[in-house]
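Biologist: I am new to this one and would like to learn how to read it. Could you walk me through it step by step?

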Amino acid sequence: MADLPRYMRACLQTGKLAMLAILVSAGIVLQILACALYNNWWPMLTALMYVVLPMPLIFLAGADTSALYSESTSGWIDATKFLTGASAVGSIAIPVILKHAGVIGWGALAMELSSLFIFVLAILCYIGTNEDDDGGYTTMF
């Protein structure tokens with residue numbers, strides 16, 4: 001990307017931001033539709049996990065995403081990895097447990113899990129566009 005003109009790089013960055021906004025908006029719409037279409041707002045408990053998920057990374061690792069990928073001897077980084085993993089499993093487990101208990105239906109479960117997939121895709125794209133590569137950005141999509 002270093003050989004592209006500056007205006008072209010700015011246009012690509014704007015397109016990446018727009019794509020991220022579309023992904024997050026689609027995830028939010030699916031989350032709300034899973035509740036509204038079936039007139040059952042219990043699946044909104046998953047939104048609590050979406051808020052809790054980045055907290056260990058923000059508070060314990062200093063928002064350094066590279067800490068999750070590296071081998072560490074630090075207890076704080078290990079605690080961050082564990083709490084982030086537990087929150088991620090909770091994001092999947094809450095809708096599954098609600099379905100198993102008969103509180104929500106198959107359609108709401110499918111929408112909840114697809115919403116989670118879209119959110120994870122948006123987070124991975126965000127991490128991919130934020131990593132510096134010789135002063136530029138890496139292309140994720």
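Biologist: What pattern does the protein chain follow along the sequence?

Modeller: Keep in mind that this is a predicted model. Read along the sequence, the pattern is α-α-α-α-α-β-β, made up of five helices and two strands.

Biologist: Which residues of H1 are buried?

Modeller: A residue counts as buried under 20% relative accessible area. In H1 these are Lys 16, Leu 20, Leu 23, Gly 27, Leu 30, Gln 31, Ala 34 and Cys 35. Over the protein chain, buried residues make up 28% of the 141 residues.

Biologist: And which residues form a nonpolar patch on the surface?

Modeller: Val 24, Ile 28, Ile 32 and Trp 41 do, with about 360 Å² of accessible area together. Trp 41 sits in the loop between H1 and helix H2.

Biologist: Let's move on to H2. Is Thr 46 buried or exposed?

Modeller: Thr 46, a residue of helix H2, has a relative accessible area of 0%, so it is buried. Setting aside neighbours within four places in sequence, Thr 46 is in contact with Gln 31, Ser 91, Ile 94, Pro 95 and Glu 112. Gln 31 is one of the buried residues of H1.

Biologist: What share of the contacts with a separation of 6 or more joins residues 24 or more positions apart?

Modeller: In the protein chain, that share is 56%.

How values were computed. Residues numbered from 1 in each chain as written. Predicted model: local features only at pLDDT ≥ 70, side-chain atom pairs only at ≥ 80, totals over all residues. Heavy atoms only, no water. Buried < 20%, exposed > 50% of the residue type's maximum accessible area, 1.4 Å probe, protein only. Helix = DSSP H or I, 4+ residues; strand = E, 2+ residues; numbered from the N terminus. Contact = heavy atoms within 4.5 Å. Patch = residues over 30% accessible without salt bridge, like charges linked within 9 Å, V, L, I, M, F, W, Y side chains within 5 Å. Areas by Shrake-Rupley, 256 points an atom, 1.4 Å probe, with all protein chains shown as cover. Salt bridge = Lys/Arg side-chain N within 4 Å of Asp/Glu carboxyl O.
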